[in-house]
Amino acid sequence: VYKAEQDAAKVAATPNIGKVADISDKKISINITKTNETKSYDINSNTQILVNGKKVGAGDIKKDQSVIIL
């Protein structure tokens, strides 16, 4: 169990870098640059969206914009 927890923490701490494929108020999908796969992430009240260090809303993010997901 301990190794599984370490592996899960490592994966969670790994940033995904890519371009926005689609975004709504509840979900963002990005094309991962390194693997060329598409991953989706939920957006909720705990999600922080920053552009140049300033908090913004999902509506401020545009398709094809480069992003880093932590």
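N16 is buried, at a relative accessible area of 16%; buried means under 20%, exposed over 50%, and partly exposed in between, with a 1.4 Å probe and protein chains only. This is a predicted model, in which local features need pLDDT of at least 70 and side-chain atom pairs count only at pLDDT 80 or more, while totals for chains, interfaces and linings use all residues. Residues are numbered from 1 along each chain as its sequence is written, and side-chain values use heavy atoms, without hydrogens and water.

The chain holds one helix and six strands. From the N terminus on, they run α-β-β-β-β-β-β. Helices (H or I, at least four residues) and strands (E, at least two) are DSSP runs, numbered from the N terminus. Buried residues make up 19% of the 70 residues.

N16 is found in strand 1, residues 16–23. Its side chain joins that of Y41 by a polar contact of 2.5 Å. Such a contact is a pair of N or O atoms within 3.5 Å; within protein, one must be able to donate a hydrogen and the other to accept it, and residues adjacent in sequence count only if both atoms are side-chain atoms. Beyond four places in sequence, N16 is in contact (heavy atoms within 4.5 Å) with I30, I32, K39, Y41, V67, I68 and I69.

The largest nonpolar core has 10 residues: V20, I28, I30, I32, I43, I49, A58, I61, V67 and I69. Strand 2 (27–32) and strand 6 (66–69) each give two or more residues to this core. Strand 2 gives the most, with three. A nonpolar core is a set of buried Ala, Val, Leu, Ile, Met, Phe, Trp, Tyr and Cys residues joined through side-chain atoms within 4.5 Å.

| Item | Value |
|---|---|
| Space in the largest pocket | about 420 Å³ |
| Lining of the largest pocket | 17 residues |
| Strand 6 in this lining | four residues |

A pocket is an open set of points on a 1 Å grid over the protein atoms alone, where a 1.4 Å probe fits, with protein on both sides within 12 Å along at least five of seven lines; lining residues have an atom within 4 Å of a point. Q48, I49, L50, I68 and I69 lie nearest its centre. One of these, I49, touches I43, K54, K55, V56, G57, A58 and I61, not counting residues up to four places away in sequence.

Key:
Grid points are joined across faces, edges and corners, and a volume is the space filled by probe spheres set on the points.
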